[in-house]
Amino acid sequence: MKYILMMNTMRAGAGVPSWPKSDLQAHIAFMRQLNVDLRDSGELVTAEGLSFPEQARQVSAGKDGVPVTDGVFPESKEFLAGFWIVDVDSPERAYAIAARVSGAPGPGGAPLNMPVEVRPVMSAPPPEMV
Amino acid sequence: MTGAAHPWDSTAESLLRELAPQVLGAIARRFRDFASAEDATQEALLAAFRQWPRDGVPENPRGWLIQVAARRMADMARSEISRRERETALAGDEEPATGPPELEADMDPEDTLILLFMCCHPALSASSAIALTLRAVGGLTTAEIANAFLVPEATMAQRISRAKQSIRTSGALFRAPSVQERRERLPAVLRVLYLIFNEGYASSVGAELQRLDVAREAIRLTRSARALLPEDGEVAGLLALMLLTDARRAARTDEVGELIPLDLQDRALWDKAEIAEGTELLTFALSRGAVGLYALQAAIAAVHDEAARAEDTDWPQILALYELLRSAAPSPMVTLNHAIAVAMVHGPAEGLARLAPLDNDERLAGHYRLAAVRAHLLEKLGEFDKAVELYRVAAAGTTSIPERNYLIGHASQLEERQRAPER
């Protein structure tokens with residue numbers, strides 16, 4: 001079963017740009033190790049980190065489908081900071097990985113406890129069997 | 001250089017896959033190291049895939065593969081050879097020259113059976129057992145398996161290597177299972193084959209032509225299990241179930257990949273050869289005394305398959321088979337299907353009554369399938385509003401896109417029909 005784990009930061013960026021270097025390094029090392037572990041366990045499908053909200057644009061179709069872009073308003077909502085797709089044997093395992101993501105270290109090494117949204121990735125239906 | 005006897009074609013490719021477990025068996029018995037032997041065999045297969053299409057199939061393909069795999073084992077044993085050098089060596093061509101001839105003659109038909117029991121070891125999770133079985137017994141490459149399950153090759157390689165670690169830790173030896181082990185562990189082997197088929201059958205929706213046909217691989221593996229255990233009723237039952245289900249594959253979706261329920265399928269598209277073979281296997285399975293769970297499910301599939309039109313389906317017989325299944329292996333899913341059969345024989349109200357206890361079953365309460373079946377029976381009763389609502393509940397709960405589309409579409413059709421009754 002495949003799941004997507006979406007890591008949201010409260011109030012985009014959550015001050016990451018002003019973290020001390022060592023804290024940022026600890027955070028990156030934590031994420032890197034997580035990805036190594038997920039690959040070694042044969043569960044990692046893909047993982048991506050996303051840019052800060054400053055680079056995000058809200059796009060909608062204007063007249064004749066011409067793209068109309070607008071900035072996003074990061075202060076007003078949670079912001080997707082990164083995601084993983086994992087292939088695991090149970091939803092509980094996906095939740096366990098999400099909890100590990102959530103506890104990634106932030107300033108001073110304290111766990112961030114970020115909310116991580118977990119959703120099944122849609123698949124094809126099983127055969128009409130018992 | 002040995003002469004190339006045959007050109008490379010699809011027959012040669014099948015041959016290569018069939019030889020894989022034989023090669024692995026010979027190497028594993030000789031070197032007494034299943035995990036490394038499995039890696040060496042995979043490398044020999046990859047070498048063959050590189051060279052045979054270009055040079056033709058060697059005169060003695062099995063000997064060629066064994067020699068290459070045995071040399072790889074020797075390479076791996078020599079610790080002074082760095083991994084990097086091995087990879088360089090791999091990129092070059094294999095020159096099958098001298099190999100231990102006794103190894104080539106060393107062939108035991110039991111090998112494939114030993115490998116099946118090994119790969120379906122109870123210490124493994126379902127996904128690892130599936131991956132390892134496809135590679136070690138099915139002769140597929142890691143890339144093919146990764147592609148079939150839509151995960152990166154590195155991830156699949158790790159899954160397989162961890163599976164082998166678990167087998168090593170469990171202390172399993174490469175030897176034929178005893179009669180007792182066979183009896184105890186065969187169900188686990190059949191379950192893995194069944195899961196492979198399910199994975200493949202499910203992923204065949206959407207006609208992703210570039211992907212490996214995993215359902216066909218499951219059928220092929222089950223055929224070899226059947227050849228090894230010809231007297232076993234459940235092996236025959238499982239193969240029958242696969243064939244009788246796979247027979248409907250072409251009718252199961254329309255040209256844009258939308259699901260077509262069983263009662264609306266174009267039965268002319270069902271594969272008659274598969275149905276005939278499945279029925280024959282089923283007859284054998286049913287003659288073996290104690291009828292197993294796969295044979296029972298195959299029997300239900302056969303009743304569907306032998307009806308020329310949906311309305312000709314012998315529902316009383318299906319109901320009787322579900323009663324047997326319910327007493328042999330009670331489960332909420334069986335109760336659910338039993339309720340459908342009850343509805344077909346005794347009317348939808350009776351069927352609905354059978355669903356009520358499932359609301360208290362934590363394995364199924366809130367499961368989208370329960371909502372979907374209930375919606376179906378309510379529709380038959382003419383309670384359209386409730387049916388529409390439950391179809392939508394089911395749509396929100398499924399993790400399958402074709403199924404979700406089907407449920408949403410069906411709900412809105414039903415709603416529209418009510419709004420605009422026939423004039």
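Analyst: A residue is buried if 20 or more other C-beta atoms lie within 10 Å of its own. The model is predicted. By that cut-off, 18% of the 130 residues of chain A count as buried.

User: Which order do the elements of chain A follow from the N terminus on?
Analyst: Chain A comes to two helices and six strands. Read from the N terminus, the elements run β-α-β-β-β-β-α-β.

User: Among contacts in chain A between residues at least 6 apart in sequence, what share joins residues at least 24 apart?
Analyst: Two residues are in contact if their C-beta atoms lie within 7 Å. Take the contacts in chain A between residues at least 6 apart in sequence. The share that joins residues at least 24 apart is 74%.

User: What is the strand order of the open sheet in chain A?
Analyst: The sheet has four strands, with antiparallel pairing. Its order is 2-5-1-6.

User: Which strands stand at the edges of that sheet, and why is one side of each left without a neighbour?
Analyst: Each edge strand has a single partner strand, so one side has no neighbour in the sheet. On average, neighbouring strands of this sheet are turned by 15° against each other, direction ignored. The edge strands are strand 2 (44–49) and strand 6 of chain A.

User: Which residue of strand 5 of chain A is the bridge partner of A:Ala47?
Analyst: Strand 2 of chain A pairs with strand 5 (residues 79–87) of chain A over five bridges. The sense is antiparallel. Within strand 5, the partner of A:Ala47 is A:Trp84.

User: Which residue in the turn between strand 3 and strand 4 of chain A has a positive phi?
Analyst: Strand 3 (residues 57–61) and strand 4 of chain A run antiparallel and are joined by five bridges. One pairing sets A:Arg57 against A:Gly71 of strand 4. The two strands form a hairpin with five residues between them. In the turn, the residue with a positive phi, about 55°, is A:Asp64.

User: How many residues of strand 4 of chain A are buried?
Analyst: Strand 4 (residues 67–71) of chain A has five residues. The strand lies largely in the open, because its number of buried residues is zero.

User: Is A:Leu38 buried or exposed?
Analyst: A:Leu38 lies in helix 1 (residues 21–40) of chain A. Not counting residues up to four places away in sequence, A:Leu38 touches A:Glu43, A:Leu44 and A:Val86. A:Leu38 has 21 C-beta neighbours inside 10 Å, and the cut-off is 20 or more. A:Leu38 therefore counts as buried.

User: How far apart in space are A:Leu38 and A:Leu80?
Analyst: In sequence, A:Leu38 and A:Leu80 are 42 residues apart. In space, C-alpha to C-alpha, the separation is 21 Å.

User: What is the phi of A:Asn113?
Analyst: A:Asn113 is found in the loop between helix 2 (91–102) and strand 6 (116–120) of chain A. A:Asn113 is exposed, with 12 other C-beta atoms within 10 Å. Most residues other than glycine have a negative phi. A:Asn113 is not a glycine, yet its phi is positive, about 50°.

User: How are helix 13 and helix 14 of chain B oriented to each other?
Analyst: Helix 13 (residues 272–286) and helix 14 (residues 293–306) of chain B pack at about 140°, with axes 10 Å apart. Residues in the contact include B:Gly278 and B:Leu282 of helix 13, and B:Ala298 and B:Ala302 of helix 14. The crossing is left-handed. Helix 13 and helix 14 of chain B are therefore oblique.

User: How many residues of helix 18 of chain B are buried?
Analyst: Helix 18 (residues 368–381) of chain B reaches 20 Å from first C-alpha to last, close to the 20 Å expected. What covers its buried residues includes helix 16 (332–346), helix 17 (348–355), helix 19 (384–397) and helix 20 (401–419) of chain B. Among the buried residues are B:Arg374 and B:His376. Helix 18 of chain B is mostly covered, and of its 14 residues the number buried is 10.

User: Which residue follows helix 18 of chain B?
Analyst: The residue that follows helix 18 has a positive phi, near 90°. It is B:Gly382.

Technical notes
Residues are numbered from 1 along each chain as its sequence is written. Chains are lettered from A and ligands numbered from 1 in the order in which they are written. This is a predicted model: local features need pLDDT of at least 70, side-chain atom pairs count only at pLDDT 80 or more; totals for chains, interfaces and linings use all residues. The expected span of a helix is 1.5 Å times one less than its number of residues. Two strands pair if DSSP finds at least two bridges between them. Axes are lines fitted to C-alpha atoms, for helices over the stretch in contact, and angles run from 0 to 180 degrees between N-to-C directions. Angles under 35 degrees count as roughly parallel, over 145 as roughly antiparallel, 65 to 115 as roughly perpendicular and the rest as oblique. A crossing is left-handed if the near helix is turned anticlockwise from the far one by less than a right angle, and right-handed if clockwise.
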